[in-house]
Amino acid sequence: MTRKQIIMSTVAVAIVLTAGGFAVKNGMEAKAAQQNLNYSYTRAMGDLRDSIKNVQTTLGKGSYANTATQQTGLAARLVRQTSLAKGALSALPIDDDSLNTVSKFITQVGDFSMTLSEEVSAGKQITDEQYDTMKQLSKYAQTLNQDLTDVKPVFDGQFSDQLKETAEDFTDFPSLIYDGPFSDEVMQKKPQFLEGKEEISQGNAALNAEKFLGIDVNSLDHTQDTEGNLPTYNFTLESATVSVSKQGGEVVTYENTREISEENVSVEDAKTSAENFLSSRGLSNMTERYYVQHDGRVTFNFAFQQGDACCYPDLIKVSVALDNGEITEYNATGYIMNHKEREIPSPELSVEQAQEKVSPHLTVKSHRLSLIPTKGSTETLCWEFLCDGDNGDQVLVYINAKTGFEEQILILETGDLGTLVF
């Protein structure tokens, strides 16, 4: 082979290798872009499910509200929840009109709620017809919630087809007549637990995740970050996702969606695993309030306990796999947003005085002192009353321990698999 031929061969090989390198790089970039897009879609789908579930629950609470303050608050909450649902719906890859009727339903709930808020604020009473409308809307929200739960987060060309059954369930949804504008109200807040802490680098965030979760930092892949009131670095590893706060480097969320085929761990042992996990990470004085068992996992809600008061704003969710006791989910968003040093005052109302403010349609079973979050990023000391409703519901009512106002109503869903609070 001549020198010229050798040079030409070398150049040809270099071109092939360069082209191959670009192809591999482009392929990797395309795969990463698709993963980021699917992550955004998955989060939007989760936000939609959560919002519709919240809408269903808030509509159900309406029949137990006994004061104008509580009725107005529930109506405003519905407006906010439907707005979040609309935003999540618009972020999904739906290129046809398969969910137009669902979008219409969400909008109507929001507008109806705004009307209620304005009328109650003006001193009017909620009519029997409006109560009936709330019940009707609640039934449709329940149907929508179930349909969305059955949709698998596989965002390919068949995604819209999965939603056809959902759309069909809403083909006979009646039109409602009301006034009132559509409103979007989002509460702005800074994370209390991170106040005064320095911002860290992406690399240090990965190291913090490794230490906190006991995973190999080299297995973490950095994905698209989250901004907003709680900016986070986001990572993936196999079937799991992790988010770490940019300020302070605190692990905010972790979720491992691996399949669980068998259940070998009792709920009580799972609770012990969750408690040990929290205490070993320096999260002390956390009290387990409610749990739910699902998909081979049991999820516990822990609230911070200060003295006699249960501090519900400082909430942490921990899920445990029932096949081997592994922690499969950790969500400390509530704790990070709200935890701080507090001076909790003594209640000015006795428990007997507070109980007089509870609806006559409820039968009180027990009580406790609680600190709950209220509108305007504030916290209020309340007497918490666990009650039985007329229709068999278990209801939590929170009476302001200073003013006697009905601050909050929560409905419990209790069964063999645990208890959730909504």
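This report walks through the chain's overall build, its nonpolar cores and its cysteines.

## About the model

The model is predicted, so local features need pLDDT of at least 70 and side-chain atom pairs count only at pLDDT 80 or more, while totals for chains, interfaces and linings use all residues. Residues are numbered from 1 along each chain as its sequence is written, and side-chain values use heavy atoms, with hydrogens and water left out.

## Overall build

Let's start with the whole chain. It has 10 helices and 13 strands, taken as DSSP runs numbered from the N terminus (helices: H or I, at least four residues; strands: E, at least two).

Of its 422 residues, 45% count as buried, meaning under 20% relative accessible area with a 1.4 Å probe, protein chains only. Contacts are heavy atoms within 4.5 Å; among those between residues at least 6 apart in sequence, 60% join residues at least 24 apart.

## Nonpolar cores

A nonpolar core is a set of buried Ala, Val, Leu, Ile, Met, Phe, Trp, Tyr and Cys residues joined through side-chain atoms within 4.5 Å. The largest one holds 61 residues, and Val-242, Leu-278, Ile-316 and Tyr-330 touch the most other members. Leaving aside residues up to four places away in sequence, Leu-278 touches Leu-283, Met-286, Phe-302, Ile-316, Val-318 and Tyr-330.

A second, separate core has 28 residues, including Leu-59, Val-102, Met-134 and Tyr-140.

## Cysteines

With a disulfide taken as a pair of cysteine sulfur atoms within 2.5 Å, the count is zero. For Cys-311, the nearest cysteine sulfur belongs to Cys-310, 6.9 Å away. Cys-311 is buried, with a relative accessible area of 0%, and Cys-382 is buried with a value of 0%.

Technical notes. Buried means under 20% relative accessible area, exposed over 50%, partly exposed in between (1.4 Å probe, protein chains only).
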